[in-house]
Amino acid sequence: MSTVFRTLLILTHFVCDLFTAAHNCCVILYRKCTAIWHGENLRTEVEWLVRAATRTKTLPRHVVVVFGAKEDTILDCVRIIGWCVALGIPYISFYDINGFLARNESFLKHEIAKRRPDLVEHINWSKPNTPFAQNGITGSKSKLRVCLLSSVDGKGEIVSLTKKLAEAVATGKIKSEEIDIDLLNEKLNSRGIPDPDVGLIYGRLCSTYGVLPWQTRITEFFTLPLDVSLSVKDFVHLLEKYSKCEQRYGK
């Protein structure tokens, strides 16, 4: 009997994988055909974003993009940063578990300066343990805060904080009863940015890959296919879906 169930399970997984592969191929073919027919440039992107700003009731303040198993993410970052600047979204975080983006921050800045020089003055690059001004405001100009995250900023940060608090209690620098939610919030949100409202995950599985587990308690997550680049229409569609979500906060 177990052999029969195992065989059925294998066949079910095979059919699901086959369906997913066929769907992704159709999506890729459709996008290539529409791109050739209609074209997509900076002007059409702006038109889509302006339409989104007028139709969407609620825009997120903080978007986190999780590049699960996706590679070659630099150009995706450049395009998404441009969309967030156009919509006035004040915070964007990019997370990859291997820390590729954090190690190649200078290359990302170079690509932005080369492809979208108009964005340079609208971006403020965050550093670990550097607090931000409220609402992304620096002086009199509103800027997009870009944060590049890796595994050390997710579960690794919680592990590191746990060790530091244990050492502080052992040495008498802090009492165990002083460790509460407010203290943890303060220590784990060292950058001073708000919790993400929207999470976009590149991957076949709906997995956060360890991104900011403390700060994503009420984040709305959406999955994206690995083999297809996110288009401005997809981005607008996801923002519209987010605006229709109702946060019940466990009620």
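1. Helix 3 (residues 74-87) and helix 5 (residues 105-115) pack with their axes 10 Å apart, at an angle of about 55 degrees. Axes are lines fitted to C-alpha atoms, for helices over the stretch in contact, and angles run from 0 to 180 degrees between N-to-C directions. The angle makes helix 3 oblique to helix 5. Angles under 35 degrees count as roughly parallel, over 145 as roughly antiparallel, 65 to 115 as roughly perpendicular and the rest as oblique. Helices (H or I, at least four residues) and strands (E, at least two) are DSSP runs, numbered from the N terminus.

2. Which residues of helix 3 and helix 5 make the contact? Helix 3 brings Ile74, Leu75, Cys77, Val78 and Ile81, and helix 5 brings Phe107, Leu108, Glu111, Ile112 and Arg115. Contact means heavy atoms within 4.5 Å. By class, the contact of helix 3 with helix 5 has 8 nonpolar, no polar and 2 charged residues. Ala, Val, Leu, Ile, Met, Phe, Trp, Tyr, Cys and Pro count as nonpolar, Asp, Glu, Lys and Arg as charged, and the others, Gly among them, as polar.

3. Residues are numbered from 1 along each chain as its sequence is written. In this predicted model, local features need pLDDT of at least 70, side-chain atom pairs count only at pLDDT 80 or more, and totals for chains, interfaces and linings use all residues, while side-chain values use heavy atoms, with hydrogens and water left out.

4. Helix 3 also packs with helix 8 (residues 232-243), at about 50 degrees and with the axes 11 Å apart. That makes helix 3 oblique to helix 8. Ile80, Trp83, Cys84 and Leu87 of helix 3 meet Val232, Phe235 and Leu239 of helix 8. The contact of helix 3 with helix 8 has 7 nonpolar, no polar and no charged residues.

5. In what order do the strands of the open sheet stand? Its 6 strands run 3-6-2-1-7-8, with parallel pairing. Strand 3 (123-125) and strand 8 (220-224) are at the edges, each with a single partner strand, so one side of each has no neighbour in the sheet. Neighbouring strands are turned by 20 degrees against each other on average, direction ignored. Strand 1 (residues 62-67) and strand 2 run parallel, joined by 5 bridges. Two strands pair if DSSP finds at least two bridges between them. His62 has Tyr91 in strand 2 as its bridge partner.

6. Helices lie across this set of strands. Helix 3 lies across strand 1, strand 2, strand 3, strand 6 (144-149) and strand 7 (198-202), at about 165 degrees to strand 2. Helix 5 lies across strand 3 and strand 6, at about 170 degrees to strand 3.

7. Another pair is helix 6 (residues 155-170) with helix 7 (residues 181-188), whose axes come within 11 Å and cross at roughly 125 degrees. That makes helix 6 oblique to helix 7. Glu157, Ile158, Leu161 and Leu165 of helix 6 touch Leu183, Leu184, Lys187 and Leu188 of helix 7. This contact divides into 6 nonpolar, no polar and 2 charged residues.

8. Check the confidence. The chain has a mean pLDDT (the predictor's confidence in each residue, from 0 to 100) of 79, and 79% of its residues reach 70 or more. Over residues 128-140 pLDDT stays under 50. Where pLDDT is low, the predicted coordinates should not be read in detail.
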